[in-house]
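Hi,

Here is the structure I promised to pass on. Have a look at it first, and then read on for what turned up when I went through it.

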Amino acid sequence: MANSNSQITGHGLATLDTATIPPALSEESPLRFRKVDNIEYRLGGTNTKRKLVMLELKEQVPEVPLDWYFKYILPPLPDGIDTKKIVALLKKSKAIKNNSWAGIPEHPRDDSRHEDDVYAGLENVFERIVDAAKTQIPGLEQKSALKLTPHAKATSERDSTTMPDGHLTSIDEAVRLSRSGEEPSLYQVWNSHEFKKGNERVWDIMNQCVSQVVYDMQQIMALDPCRRFTFGTSIMNRSFRLWFCSRGAFFTAEPFDFISEPEKLVRVFLAFAFASRTDAGWDPSMSFILPASPTEKRQYRIRVGDKTYITVKMLSDHAADSPIGRGTRVWLVIDEAGPPDCYYVLKDVWVDNGRETEDEIRSNLLKDVELKCGPDACATVKKHLLTPIAFEKLLIGTNVDDTSQVIMRGGSLPKTLRHLKLFVPQQSRSTTRSQVSTRQNPVDAVFSGTSARYLPVGDPVQNGPQVTSRYHYRIVFQEYATTMYDEKNLGNALRALADVTDALRWIHKSQWVHRDISSGNVYWYDCGAVGLQGSNRGLLGDLEFAKVRKPASTHEVRTGTFNFMASEVIAGRYLFLPAEDSYDDPEQIPTSSIDRPPFAFNPLHDIESIWWILVYLLYFNDDKEHIADLELATARAQKALVLFTQILDRAMFLQTSRQLTVEGTSLSPSFRFVINTLRAIAVKLHTAFRDSEAKISVIEETAFDIHEYVVKALRLPCNNPQVNSIELVRVSRPQKRKIDEAESGNENSSNKRTKK
């Protein structure tokens, strides 16, 4: 395998040099991989997860003016509330005295007590403010209360490790916590609070507090499907800072001095105390079903159109781990009014404004196939696409729920903003309580970064955080099928890939491309297994990024799932253009990149994704009857790690696959017949890429038509009884270990004073 500086020459073999692979081809084509969608995040301890969340946010967040935050983000105050008069009432009742709040020292940083004790009086402050508001306007219904639980981990179904110092929660939950002394539920956190006695000007104090509140909010958005957005609060000495996160934005507000500016604190606390659950971030079209016992999995009642569905189990939610993004979740569900054994699949997602819904894309695609290829072709494609039975753009009141017009109440971020840096924790070390009150950072003692706390005004780093307008959408599919990631029969997996490739033939002839084929959206549908009549078949889903191919004038936005993306799509350029020494006439050699066509997604890239699914299946599965020994498994794992993380090696693997053998791949000997298929498709793909890019100034589209060959190659092994009898079992990872194991052990301690 060539190293990162190697170049391969000759007709059809790209001059591959990682230095020439652009990180972004234009302002509209960022290639972005989620930092929280990998094994490091899944296996990592709290420190690792905090680090990856910071990286996911690109280590910075916009800082909005406080008045702007009050106008567009903070829940609205009840009608008739006069904050100035409430402050006067609080002074009269001695809730505010001696230049501070009762029970809170004027200068927390100078107090010798632990921060948990220093800020313990905030619960009483919240209650006194609410009581003053009720005195001003009798009959106000309080919806939330502040609870301080610095020593308790917020519980969740996925065993969250976040431990907020305090949080706003419902009145019922606050009463439960007071009576039972139990740990708080992450699903009941309205607004997470983190406290530090030190000033924001002290680097490690600032960074630790920020990393904690950001992680709290990310965990809420990742683990609670009922949450449309969430809030956070960080207090450092006298500095009170508000935070906000939705699927379209993550930002903070300018801090204020909550001791010398009591009216601002009154406004914040009252806004949350009397906020509706919808204004506090919950989805009114989804509700939690109380389980019969504490050990049962959480279930939800979800409305789509005029129907209500009950979740049976979660099928996929990893995309929700990213605090900003589509937040896709997929459940197995039943119709609340239907039979209990009739299953459907429900997808909940936030779609970029301006994009069509998945049901609209599917309808338009089928119309084009019928128009351009005929009714039989349309029937074939329809047979191999998931069938929607209900779909809806979600409403809040009478408006489509979206991250800008509804959640941010139509507010646009000011054009000139400071961007607060988020510093990434580099390492952790254990601490004692005596260290907690110092300037040491017990979770992450070292933070990277320069001495500047803010980026220049209005100057975020390249591809920095922006607000993305997205609308909330749900769709329910009729078929409950098995993804290629979960399929256990090798023969069925091959049939599914063949069926989907056959459907792609007509999709591509209609000038459409899918652009996001992966093991998670190619399915094997076994009708008998779900108690239905019909033919078993492969299915293709996730049409959100499918589009009509048009002549490209600029480089396209790149889409896809990295593990299954075509090498050219990842690189963002054509990799199979002729090498310069292959031209007979020197005048034919292109003088500049202007002579080259703009890069655009084409049908071969979809087919290469099908091929990568097969590669993935073979590298991450064993024949259950012939499990690989440790030596073979280790060699295979190392090869897989390279193939599914390194751009250069992926491209090289495809181009040199004509030499694929069982011995050379470290794959199970049981897969020998399928390796032949893998090799045959790779050679055909490589030839097609080479032929399509043979002319430097134009892409030859006649080379795209290799579908029949690929379908035949995929179906050929299915004639072999041995292949059909292979039961796949996920390979073990010899190098697998708990990341930050020591750290995780330390942080499981219930004594948060040593943790912080």
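Predicted model: local features only at pLDDT ≥ 70, side-chain atom pairs only at ≥ 80, totals over all residues.

Strand β13 (residues 307-316) is joined to β14 by six bridges, and the two run antiparallel.

How many residues of β14 are buried? Seven of the seven in this strand (residues 329-335) are, so β14 is largely enclosed by the rest of the structure. In a regular strand, side chains alternate between the two faces of the sheet. In β14, Arg-329, Trp-331, Val-333 and Asp-335 point one way, while Val-330, Leu-332 and Ile-334 point the other way, and all are buried.

Now to the helices. Helix α13 (residues 490-509) and helix α15 (residues 603-619) have axes that come within 10 Å and cross at roughly 175°. With the cut-off for roughly antiparallel at over 145 degrees, that angle makes α13 roughly antiparallel to α15. On the α13 side the contact includes Leu-490, Leu-497, Thr-501 and His-508, and on the α15 side it includes Asp-606, Ile-610, Leu-614 and Leu-618. By class, the residues of this contact are 13 nonpolar, two polar and one charged.

The largest nonpolar core has 84 residues, and Leu-490, Leu-497, Trp-611, Val-615, Leu-685 and Leu-714 are those with the most contacts inside it. The element that gives the most to this core is α15, with 12 residues.

One more helix pair is worth a look. Helix α2 (residues 46-56) and helix α8 (residues 203-223) pack at an angle of about 85°, their axes 10 Å apart, which makes α2 roughly perpendicular to α8. From α2, Thr-46, Lys-49, Arg-50, Val-53 and Met-54 meet Val-210, Ser-211, Gln-212, Val-214, Tyr-215 and Gln-218 of α8. This contact of α2 with α8 has five nonpolar, four polar and two charged residues.

Best wishes

Note on methods: Residues numbered from 1 in each chain as written. Heavy atoms only, no water. Axes fitted to C-alpha atoms, helices over the stretch in contact; angles between N-to-C directions. Helix = DSSP H or I, 4+ residues; strand = E, 2+ residues; numbered from the N terminus. Parallel < 35°, antiparallel > 145°, perpendicular 65-115°, else oblique. Contact = heavy atoms within 4.5 Å. Nonpolar A, V, L, I, M, F, W, Y, C, P; charged D, E, K, R; others polar. Core = buried A, V, L, I, M, F, W, Y, C linked by side-chain atoms within 4.5 Å. Buried < 20%, exposed > 50% of the residue type's maximum accessible area, 1.4 Å probe, protein only. Pairing = 2+ DSSP bridges.
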